[in-house]
Amino acid sequence: MSDKALSDQSVSGHSLSGQADSALPNSKLAEHGLRVSVDEDCATLQRDGYVVIRDLLSSQQIEDVHRELAPYLQQNLMGRNEFEGLRSERVYAVLAKAPSLAPLIEHPRLLGIVDHLLQPNYLLSAAIAINVHPGETAQAFHYDDGTARIPRPRPMHGVSAVWALDDFSETNGATEVIPGSHTWGSDTPPPPDDPRTLSIEMPAGSVVIFAGNLYHRGGANRSSGTRLGFTPQYCEPWLRQIETMVLAVPPERARQYSERVQELLGYSIAAPSFMGYVDGVHPRRLVDPNYRSRRIANAGIPKLLRTR
Ligand SMILES: O=C(O)CCC(=O)C(=O)O
């Protein structure tokens, strides 16, 4: 992305920002423009809980992402529950599948904001492509940084983004937010028909960035086309183990230990959010290939629901 593009594309919170200061030399101008934009974007996000930045990606970038994700979007792995979306496809472990998503994860306008809001060495907590098909219903309202169960109101422990890779509209399932809800003390999600709901309509190549404690959801798709989005989510660096146990003791080594030790190492999930998954499945499957069939047999899960 050119310097000019970085300062010109500063449309935040649906208003123009990041106007360049013509008294500065060219190299400084871009740096200055970016800094001003990031400051304004952060102020908008902290006030409203979200900020929209339009038209950050080239059509080539958007096309590359569609092409690389296409093999994983063949409608043979639809969501397993209402949250994933029974009419939605989710692609997990994206950097092992679609390298064209890396520039979106580290986009300077996005990371400039995250740098301001989280501690240094924050982490990429999740990165999921979501293709919402016609007929999908709205997700339940939720916030993304709730796993630590620290009572609200509280500072955000994460920052999330949703990139539009198709035009997002109110009818095709654009992300929906409740402005200001990042300050709410209540842990009770708003009702599905909350009148404060705002649909984030934006052209492909734009991004909505929001506080980890903002109530939001994927919208219903009442159109006849699909809606591809990509959500990188960042969390505070302390939301993890002191030692990165699963790297220190990889699956081949972990096999020699008991299930209890494997769980403590991190081959486990935090229910009910399934936090700790690997490529959308339970991490125990990396140490025990029979884990899934044993779990299904024990839980008596009907054959119909055995999607993965
Ligand atoms: O797809 C979207 O627009 C948002 C999805 C979302 O919030 C989630 O799955 O956590």
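Tutor: We will take the terms in turn and set each against its definition.

Student: What kind of model is this, and how many helices and strands does the chain have?

Tutor: This is a predicted model. The chain has 10 helices and 11 strands. Buried residues make up 37% of its 308 residues.

Student: Why is Pro-179 called partly exposed?

Tutor: Count the C-beta atoms. Pro-179 has 16 others within 10 Å. Buried needs 20 or more, and exposed means 12 or fewer. The count of 16 falls in between, so Pro-179 is partly exposed.

Student: Where does Pro-179 sit, and which residues is it in contact with?

Tutor: Pro-179 is in the loop between β7 and β8. Beyond its neighbours within four places in sequence, it is in contact with Asp-48, Gly-49, Tyr-50, Arg-196 and Leu-198. Each of those contacts means C-beta atoms within 7 Å. Phe-210 is 31 residues away in sequence, and the C-alpha to C-alpha distance is 9.8 Å.

Student: How do you know that β7 and β8 pair?

Tutor: Pairing takes at least two bridges. β7, residues 175-177, and β8 have two, in the antiparallel sense. Therefore they count as a pair. Val-177 stands opposite Leu-198 in β8.

Student: What makes β8 and β10 edge strands?

Tutor: Look at the strand order first. The open sheet of three strands runs β8-β7-β10, with antiparallel pairing. β8 and β10 each have a single partner strand, so one side of each is left without a neighbour in the sheet.

Student: Which strands are the edges of the sheet of six?

Tutor: That open sheet has the order β3-β9-β6-β11-β5-β4, and its pairing is antiparallel. β3 and β4 are the edge strands, as each pairs on one side only. On average, neighbouring strands are turned by 20° against each other, direction ignored.

Student: How do you know that β3 pairs with β9?

Tutor: Four bridges join these antiparallel strands. The definition asks for at least two, so β3 and β9 pair. Ile-53 stands opposite Val-207 in β9. On this sheet packs α5, touching β3, β6, β9 and β11. The direction of α5 makes about 165° with that of β6.

Student: Why is a set of residues called a nonpolar core?

Tutor: Its members must be buried, come from a list of nonpolar types, and be joined through C-beta atoms within 7 Å. The largest such core here has 52 residues. Val-207, Val-208 and Ile-209 have the most contacts inside it. Elements that each supply at least two residues include α2, α5, β5 and β9. A second, separate core has five residues, among them Val-249 and Leu-265. In soluble globular proteins, nonpolar side chains tend to be buried together.

Student: Which residues is Ile-209 in contact with?

Tutor: Sequence neighbours within four places aside, they are Leu-45, Tyr-50, Val-51, Leu-110, Ile-113, Val-159 and Ala-161.

How values were computed
Residues numbered from 1 in each chain as written. Predicted model: local features only at pLDDT ≥ 70, side-chain atom pairs only at ≥ 80, totals over all residues. Contact = placed C-beta atoms within 7 Å. Axes fitted to C-alpha atoms, helices over the stretch in contact; angles between N-to-C directions.
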